Amino acid sequence: MLEFIIRRLILFIPLLFVVSVVSFVIIQLPPGDFLTSYIQQLRATGTDVSEETIQSLIKIYGLDQPAYIQYFTWIKNIILRGDFGRSFQWNKPVKEVIGERIALTVFISLLTMCFTWIVAIPIGIYSATHQYTFFDYFFTFVGFVGISMPGFLLALIIIWIAHLYGLNVTGLFSEAFIEAPWSLAKVIDMLKHIWVAIIVIGLSGTAGLIRIMRATLLDELRKQYVITARAKGLPERKLLFKYPVRLAINPLISTIGWMLPSVISGETLVSIVLNLQTTGPVLLRATMQQDMYLAGSFVLILSALTLTGTLISDILLAWVDPRIRYGKVGE
Amino acid sequence: MGNYNFEEERVEEFKEKLYLASQWQLIWWKFKKHKLAVTGLIIILILYILAIFCGFFAPYYPTTVFDEYTSAPPQIVRIYSRDGGLQRPFVYRYKKERDPVTLRLRYVINYSEKCPVRFFVKGKPYKLLGLFDTDIHLFGVDDGTIFLFGTDDMGRDIFSRVLYGARISLSIGLVGVFISFLFGMIIGGISGYFGGAIDNFVQRTIDFLISIPTLPLWMALAAALPREWSIIKTYFAITIILSLVGWCGLARVVRGKLLALREEEFTLAARLAGASEFRIITRHLLPSFASYLIVSITLSIPNMILGETALSFLGLGMQEPAVSWGVLLQRVQNLTIVAHQPWQLIPCIFVIVTVLSFNFLGDGLRDAADPYAR
């Protein structure tokens, strides 16, 4: 097991490196560097920028150096000081702008994943054990529509329907709490608002999981050990949960790897529509204004987090399924 | 007894037909049984026909502004009126009123003024397929207006805009998939055919691209596009951005199938018979996994369409004056518009129906792709 984890970790490092290079390329893409825009913006607001400040900024970010040295300076600043560069739009270090928002995004994404699992597994089990009944067809159809339903369009439609009933479903907090410091009341307020986002983001993932769960469980139920167990008189409920369900959940763990990126993508888009206080709206504004240090940092952090999530799911999978630990890794 | 023999004969006849049928015929037979997939195919064909002949089907230009009719709700085509009974299709005119409480402008149906809907009317000139000058529109009204889906807050006919927007929204799926297909075929082919270190490298790249969230990446890349680019340039840039991730799935399919088929006996037979590598690939390998490619392509088209819609919706993709479904939906980012002019959400329905149809079609094709499987 330890060997497996170490092997995975070694594979993980080059991936992080590639992510960082991609993010850096994104930062460098628009014409001109961020400093020019920064100074322009400061001058536009009437702040005088001394030559000294400019020189010191150039030095910190190594802007007079060739690109690859700039890259290493950037990485070094991130690793050593947690300094992701400066957002000229907010006139703050990127770190301060994104910290809480990234945390909220991660929180919503994790909650969404939990939601998908809690909803999908029971429905999958029901569909498989009651194959070709009315509810099986019903869930299959709903699942199919759910997979195809783009979250942000669904969010728009929900906003409209909620409006017809005089409800407001946008935002993550009530007005009184937006600027308030974190407290138990604020958390409770957030939980009251968060469910719309979670359902909208989680819908397509849930639908996908139901299909996988149903298919794998049906495969398991046809196997001979089930017949044997039944012939020996094991109660149906015990039989179902002791073996086939456990085996059918394994492939679900491997889906975390592809679900996480789509959940994060979905969260970004849906949070813009629902105006949640997470990464989406800030990322959008950053890209609109070509505030590239901010945009690039978002890409870097979100991708790195997703990769970490995938890594954890790989390790989890190996932990629950010894067949993966021995042998077939890396194929 | 004779009846029974007759049945037997028909079964025999059918069996013979089954044995003689080509692979494509079998696929088609199996596909026809999948009702949802056939429905999806029909809807998709209708949508593409609407998009190709949008000038003919749309009563107005997408850019025509009707100043007196800003934010007008949809006009319903009726064939029954209380005074005239059943009659040819017509729409009622609107009259404007101010709401006494909110002072908001609102449109009230004027039941005394009817505009009969005429078919194949002469209207604004346009180029059919971009080639033939004509001014015949499928329908229109002589004087007055016909807004099937209402107008937006600038007074432009949403129905016409949806049809014109379909050109970009629907074609970007095809063009994007075509580019991904080229990438996927070439890279997947190289990976599967050569194997070894190259294969390993390509597979790790794909792993990587699949495991990062696409939307933030697309947003950041789209943001780097210069705003002053022409519509065509932006269109292709967006397509390429969407294809950057899109090729992975196809490359996987190509590689997987190549690896499996390389070991098949018919490949060995062809090699022994002295066929060249090129001939083996194009004559023997490619046709045997063409059906899987078609499935994979069909299932990746809706992702492209959604990608464009999302980017344009956010204001990072196509920009006005270009018209696409995403551009139309930009207006609904403003929540007061959602609340007071819900008909501006109509493009949503088109996006969802398109995506759903493609998914049904892809699902049916997947079931049909391997006609020998039970």
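This is a predicted model: local features need pLDDT of at least 70, side-chain atom pairs count only at pLDDT 80 or more; totals for chains, interfaces and linings use all residues.
Biologist: Happy to dig in! What makes B:F266, B:T267, B:A270 and B:R271 of α9(B) part of a contact with α10(B)?

Modeller: Two residues are in contact if their C-beta atoms, placed from the backbone, lie within 7 Å. On the α10(B) side, the contact is made by B:I280, B:H284 and B:L285.

Biologist: And how is the packing of helix α9 (residues 265–272) of chain B and helix α10 (residues 277–314) of chain B described?

Modeller: By two values: an angle of about 150° and a distance of 11 Å between their axes. The crossing of α9(B) and α10(B) is right-handed.

Biologist: What is the make-up of the contact of α9(B) with α10(B) by class?

Modeller: Four residues are nonpolar, two are polar and one is charged. Arg counts as charged, and B:R271 is one of the residues making the contact.

Biologist: Nice. Now, how does the radius of gyration of chain B stand against that of a compact globule of 374 residues?

Modeller: The globule would have a value near 21 Å, but chain B has 26 Å. The C-alpha atoms of chain B fill a box of roughly 85 × 75 × 40 Å along the principal axes.

Biologist: What share of the residues of chain B count as buried?

Modeller: That is 36% of the 374 residues; a residue is buried if 20 or more other C-beta atoms lie within 10 Å of its own.

Biologist: Last one: how is chain A divided?

Modeller: Into domain 1 (31–83) and domain 2 (94–320), and the C-alpha centres of these domains of chain A lie 39 Å apart.

Methods
Residues are numbered from 1 along each chain as its sequence is written. Chains are lettered from A and ligands numbered from 1 in the order in which they are written. Axes are lines fitted to C-alpha atoms, for helices over the stretch in contact, and angles run from 0 to 180 degrees between N-to-C directions. Helices (H or I, at least four residues) and strands (E, at least two) are DSSP runs, numbered from the N terminus. A crossing is left-handed if the near helix is turned anticlockwise from the far one by less than a right angle, and right-handed if clockwise. Domain bounds come from an automatic or database domain assignment. The radius of gyration is taken over C-alpha atoms; the globule rule is 2.2 Å times the number of residues to the power 0.38. A residue is buried if 20 or more other C-beta atoms lie within 10 Å of its own, exposed if 12 or fewer, and partly exposed in between; C-beta atoms are placed from the backbone.
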